[in-house]
Amino acid sequence: MALMTMLFPKTLLLAGIVSTTAASAQEQRDERRVRGEHTIAAITGSAGTTVVDSLRDLSPELGHWIVDFAYGDVFSRPVLSLRTRELATISALTALGNAQSQLKVHIEGALNVGCTPEEIIEVIIQMAVYAGFPSALNGISAAREVFDRRGVKITATK
């Protein structure tokens with residue numbers, strides 16, 4: 001019993017620390033979520049929210065990870081502008097060659113944050129060198145679809 005009496009106050013103290021730590025962790029998660037929601041809206045408008053919402057019935061955790069990690073932690077970092085991040089994302093998705101839906105969302109996002117259609121096309125062309133012509137052709141096809149849907153006219157360059 002003496003041992004129990006000695007441990008009980010320490011247990012309460014430890015529980016208080018754990019409780020305080022848990023509250024702090026929850027605040028950090030909440031901040032990431034708010035930052036992520038703000039960033040995804042700035043880039044994708046409603047398209048990003050639509051993707052996250054479409055996951056609610058099968059995998060809401062995946063949607064939370066997209067918002068919290070991809071947009072709350074990575075896209076919202078201050079060193080690179082959203083324009084630069086979107087061009088890098090278009091490069092990576094083009095190089096993958098199998099992410100057409102995501103590529104279209106990020107081409108839309110690039111336009112939303114001020115990238116020009118010409119910059120988007122140049123980044124996709126650059127990927128022909130590193131990812132191959134099929135990937136670049138798929139990227140051009142995705143860009144054409146987005147540009148057509150948005151009424152964006154672009155003149156081919158040499």
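In which helix do Y71 and F75 lie, and how many residues apart are they? I found both in helix α3 (residues 60–75), four residues apart, which is about one turn of the helix; helices here are DSSP runs (H or I, at least four residues), numbered from the N terminus.

I noted that this is a predicted model, in which local features need pLDDT of at least 70 and side-chain atom pairs count only at pLDDT 80 or more, while totals for chains, interfaces and linings use all residues. Residues are numbered from 1 along each chain as its sequence is written, and side-chain values use heavy atoms, leaving out hydrogens and water.

I searched the whole structure for aromatic pairs (ring centres within 6.5 Å) and found one. Y71 and F75 form this pair, with 4.7 Å centre to centre and 15° between the planes, and it counts as stacked (planes under 30 degrees apart). I also saw that both residues are buried (under 20% relative accessible area, with a 1.4 Å probe and protein chains only).

Next I looked at how α5 and α6 pack, and I read an angle of about 140° with the axes 9 Å apart; axes are lines fitted to C-alpha atoms over the stretch in contact, and angles run from 0 to 180 degrees between N-to-C directions.

Last, I listed who meets whom: I107, A110 and L111 in α5 meet P117, I120 and I124 in α6, where contact means heavy atoms within 4.5 Å. Setting aside neighbours within four places in sequence, F147 is in contact with residues including I107, L111, P117 and I120.

Terms used. Phe/Tyr/Trp six-rings, centres within 6.5 Å; stacked < 30°, edge-to-face > 60°. Helix = DSSP H or I, 4+ residues; strand = E, 2+ residues; numbered from the N terminus. Buried < 20%, exposed > 50% of the residue type's maximum accessible area, 1.4 Å probe, protein only.
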